[in-house]
Amino acid sequence: MVEYHENLQSAQSCSDGPALSYRPPGPPPPLLGRDCPRLQRSSVCSRAYFVVVMVFFHLYIINIIALLLYVHYNTGTGEAPSSEPSLPDRSPSVPIAPPAPSELHTASPAQSFHLTRLEGIRVGHKQTVSLIPDRTHKLRTLSLKPLLFEIQGFLSPEECGVVMQLAQLKGLTGSPQPVPIDSQEEQLTQDELFSLLDLNQDGLLQREEILGLSLSKDGSWLSSYNLREIHMGLERNPAGVLSLQEFRKVSGSVFRQGGPGQGLYGQNQIRQKSTQTRLYLGEGSHYLLKSIRNRVTRLTRLPSPLVDLSEPLEVVRYEQGGYSHAHHDSSPSHPDSCCAHTHLAANSSAPNQRSCRYMTVLLFLNSVGEGGESSFPVADNRTYEEEALGDLFQQYCVKGNLKIKPVAGTALLWYNHLSDGNGWVGELDEFSLHGDCAVTRGHKWVGNIWINVDPDHLRQERYQRLVSGQPLKSEDRGAQHGDLHEDL
């Protein structure tokens, strides 16, 4: 009733008509003239406007959160779901896509030679990788110093058996003992040398086999003069290859077999009670070996030419009691040495050669009864002193910070070098020191795949152009014309 009288008085003051002194009971008549705003209706409109604004604001926040989650999971930083109780993280992961074939063969040289580096995130982190069609594998981080990963089921038990059979068919030999440079005690015939250099066993020597023959620190070595003569003979051959008869003509006399002390900078024998052989992974090899090469390419996400031109698969068998001392697979840079795999193509006059192995893929081919662990003595150790490394080079297994028990089919991947910050090879990672514990029961089979990269970007590029038969750049043609290996 009070509200009615207030509205009546307001209407009387706002209307143009005469003031009404009496109104009969009942609903109030409509007001004449102009209307005045009412405070209650204005309050209702303000509340509705506030609700609409808040709804749009929450929708905006939800969209932002959804966008951040989308970016997070599509960059592959999520962790794979795990049923293991010891791993509390269960965020989903996205498979790491391998580089497209077109990127590997049609990219410019600068893009082709960019080195992709996997992210470790943290110890125990899992990523999903696609190595073969219709199947995924888990890439688990074991260490950040060095950057070390484990891939279970990289090979099936049947595939492991095939690799061991191929190695036995090829023939296992003992590790060569270091010999003095002027020693002439151990010699190879031309036919034996030809068989060693013919990696794919097709009866012909190709350019890449000649240029890459000195990749191994425990293989056979030739003098620089003989290397030059063989390569020049191959270049004079219109077919671009050398048969055994042609090899005999250009090679001349018998070549001797040297050791690591001859061509490689500061390397010594590290294995005990072991035999090994090398299996070619390129075209013309067993289909499983080519499949292993393709898996390594997809796993490392490196350009396929870089993997194709690296070392053959080394298969090693450790007998009971066999082990290897702690060592680095690669070597630090030195002014008096050059990379073994590029020295010939680079026309280098350095007196010594060294291993330039950017990364290692180790394959466990059988499960060992007892012992035989792969050990990284200083992995993720922030307190060790470099001076103490000398004590770890001998049998050291009890001191290892990280030991991995061999399981058939499991693969390990680690980087032997740090990044230079520009997508290329940096300094040697001292934490990559590793070795093999003694086998106490049974025997141990492993396969080593090393990816060779020269820290000199231009030298690596020139080597790959020369081996693949691509045209050289104008500044390289002068070096190759007539006296490509004159300084050797």
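This section describes the overall make-up of a predicted model and then a selection of its local features.

The chain contains 14 helices and 20 strands. Of its 488 residues, 46% count as buried. Contacts between residues at least 6 apart in sequence were examined for their span along the chain, and 75% of them join residues at least 24 apart.

Helix packing is illustrated by α5, which spans residues 157-170, and α11, which spans residues 287-300. The axes of these two helices lie 10 Å apart and meet at an angle of about 115°, and α5 passes α11 in a left-handed crossing. On the α5 side the contact is made by E159, V162, V163 and L166, and on the α11 side by L288, L289, I292 and R295. By class, six of the residues in this contact are nonpolar and two are charged, with no polar residue present.

The structure holds two aromatic pairs. In one of them, Y358 and Y415 are arranged edge-to-face, with ring centres 5.5 Å apart and an angle of 75° between the planes. This pair links distant parts of the chain, since Y358 belongs to strand β11 (residues 357-364) and Y415 to strand β15 (residues 411-415), 57 residues apart. Y358 is buried, with a relative accessible area of 1%, and Y415 is likewise buried, at 0%. The pair formed by F376 and W414 is also edge-to-face, with 5.1 Å from centre to centre and 85° between the planes. Here too distant parts of the chain are linked: F376 lies in strand β13 (residues 374-376) and W414 in strand β15, 38 residues apart. Both F376 and W414 are buried.

H328 is located in the loop between β8 (313-327) and β9 (337-339). Its relative accessible area is 12%, under the 20% limit, and H328 is therefore classed as buried. The side chain of H328 reaches the backbone oxygen of E430 at 3.1 Å. The C-alpha atoms of H328 and G435 are separated by 8.6 Å, although these residues are 107 positions apart along the chain. G120 occupies the loop between α4 (109-112) and β1 (126-132) and counts as buried, at 4% relative accessibility. Apart from its neighbours within four places in sequence, G120 is in contact with H125, T141, L144, L147 and F149.

Backbone geometry is considered last. Most residues other than glycine have a negative phi, and most peptide bonds are trans. The peptide bond from K145 to P146, however, is cis, with omega near 5°. P146 is placed in the loop between β2 (135-144) and β3 (147-151). A positive phi of about 60° is found at D134, which is not a glycine. D134 lies in the loop between β1 and β2 and is exposed, with a relative accessible area of 84%. K273, also not a glycine, has a positive phi of about 55°. K273 is part of strand β7 (residues 271-279) and is exposed, with a relative accessible area of 55%.

Conventions
Residues are numbered from 1 along each chain as its sequence is written. This is a predicted model: local features need pLDDT of at least 70, side-chain atom pairs count only at pLDDT 80 or more; totals for chains, interfaces and linings use all residues. Side-chain values use heavy atoms; hydrogens and water are left out. Axes are lines fitted to C-alpha atoms, for helices over the stretch in contact, and angles run from 0 to 180 degrees between N-to-C directions. Helices (H or I, at least four residues) and strands (E, at least two) are DSSP runs, numbered from the N terminus. A crossing is left-handed if the near helix is turned anticlockwise from the far one by less than a right angle, and right-handed if clockwise. Contact means heavy atoms within 4.5 Å. Ala, Val, Leu, Ile, Met, Phe, Trp, Tyr, Cys and Pro count as nonpolar, Asp, Glu, Lys and Arg as charged, and the others, Gly among them, as polar. Buried means under 20% relative accessible area, exposed over 50%, partly exposed in between (1.4 Å probe, protein chains only). A polar contact is a pair of N or O atoms within 3.5 Å; within protein, one must be able to donate a hydrogen and the other to accept it, and residues adjacent in sequence count only if both atoms are side-chain atoms. Rings of Phe, Tyr and Trp (its six-membered ring) pair if their centres lie within 6.5 Å; planes under 30 degrees apart count as stacked, over 60 as edge-to-face and the rest as tilted.
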